[in-house]
Amino acid sequence: MKTLVLVAHPNLEQSKVNKAWMNRLEQEENVTVHNLYSIYPNFEIDVEQEQQLLLEHDRIVLQFPFYWYSSPALLKQWQDAVLTYGFAYGSTGTKLQGKEFMLAISSGGAAEAYQAGGYNHYSMSELTRPFQATANLCGMHFLPSFLLQGVMTLTEEKVQHSAEALAAYVTNPSLRADQ
Ligand SMILES: Cc1cc2nc3c(=O)[nH]c(=O)nc-3n(C[C@H](O)[C@H](O)[C@H](O)COP(=O)(O)O)c2cc1C
């Protein structure tokens, strides 16, 4: 089982969580870490190369910090450019069918805020629905998301602990997606 992790963080230099996650995942043998903002600083995505990478992997992970209740912009650009008709969807677009798909998201807001009555009102499952719908249209199996929330107040130790948990989860999703 080969796993592709697409990392989308516009400022990894200053990242606490996503940088630690990426560094940890790079140590995994069957995991390919693909750092989108460093490869495509001008948003000019090499569609053929990205599609080839998808074909070579069985499990696709999108890793990003939650920005305005969604992903940073380059990941949306990646979806628009790479998930083309005839490749990802449509009657002959069957290339992603049967692959596993999951999200790994860090958020400033704490878990309690992401529920009815919390200050963000909606759950992460509700807010990530477009990714789930995308996976569904492409015939991919949407797995529970790996979430690290309330990251502003987390100790270095907790961040490292989550990096270990993420490495275990992406390589064996039958484990639960909690920290
Ligand atoms: C432009 C921007 C938008 C953000 N939007 C959200 C948001 O909608 N919800 C949230 O919980 N946190 C939001 N945050 C906080 C980030 O999710 C948080 O800084 C990030 O997960 C930390 O990860 P890092 O240490 O890898 O940078 C936002 C941060 C920025 C810079």
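"Buried" here means under 20% relative accessible area, "exposed" means over 50%, and "partly exposed" is what falls in between (1.4 Å probe, protein chains only). Before going on, keep in mind that this is a predicted model: local features need pLDDT of at least 70, side-chain atom pairs count only at pLDDT 80 or more, and totals for chains, interfaces and linings use all residues. Residues are numbered from 1 along each chain as its sequence is written, and side-chain values use heavy atoms, with hydrogens and water left out.

Let's stay with H1 for a moment. The buried residues in this helix are Val17, Asn18, Ala20, Trp21, Met22, Arg24 and Leu25. What sits over them? The cover includes strands E1 (3-7), E2 (31-35), E3 (59-65), E4 and E6 (146-149), along with helix H7 (156-171). These labels come from DSSP runs numbered from the N terminus, where a helix (H or I) has at least four residues and a strand (E) at least two.

H1 turns up again at the largest pocket. That pocket holds about 280 Å³ of space. Of the 15 residues lining the pocket, His9, Pro65, Ser106, Val151 and Met152 are the closest to its centre. Helix H1 (17-25) and strand E4 (100-107) are the elements that give two or more residues to this lining. Sorted by class, the pocket lining has six nonpolar, eight polar and one charged residues. For that sorting, Ala, Val, Leu, Ile, Met, Phe, Trp, Tyr, Cys and Pro are nonpolar, Asp, Glu, Lys and Arg are charged, and the others, Gly among them, are polar.

So what counts as a pocket, and what as a cavity? Picture a 1 Å grid over the protein atoms alone: a cavity is a set of points where a 1.4 Å probe fits but cannot get out, while a pocket is an open set with protein on both sides within 12 Å along at least five of seven lines, and lining residues have an atom within 4 Å of a point. Grid points are joined across faces, edges and corners, and the volume is the space filled by probe spheres set on the points.

Searching the whole structure turns up one cavity of 30 Å³ or more. The largest cavity holds about 40 Å³ of space. Leu54, Ile60, Trp78, Leu83, Leu96, Phe101 and Met140 line it. The cavity lining has seven nonpolar residues, with no polar and no charged ones.

Leu54 and Trp78 also show up where two helices meet. In this contact (heavy atoms within 4.5 Å), Val47, Glu50, Gln51 and Leu54 of H3 meet Trp78, Ala81 and Val82 of H4. By class, the residues of this contact split into five nonpolar, one polar and one charged. Helix H3 (residues 47-55) and helix H4 (residues 73-82) pack at about 90°, with axes 10 Å apart. Axes are lines fitted to C-alpha atoms, for helices over the stretch in contact, and angles run from 0 to 180 degrees between N-to-C directions. H3 and H4 are therefore roughly perpendicular to each other, a label for angles of 65 to 115 degrees, with under 35 called roughly parallel, over 145 roughly antiparallel and the rest oblique.

Now back to strand E4, where you'll find Ser107. Ser107 is buried, at 2% relative accessible area. Leaving out residues up to four places away in sequence, Ser107 touches Phe66, Tyr114, Leu148, Gln149, Gly150 and Val151. Ser107 and Ile60 are 47 residues apart along the chain, and their C-alpha atoms are separated by 20 Å.

Finally, have a look at some loops. Gly86 lies in the loop between H4 and E4 and is partly exposed, with a relative accessible area of 26%. Trp68, in the loop between E3 and H4, counts as exposed at 79% relative accessibility. Its phi is near 45°, a positive value in a residue other than glycine. His121 also has a positive phi, near 70°. You'll find His121 in the loop between E4 and helix H5 (124-127), where it counts as partly exposed at 48% relative accessibility.
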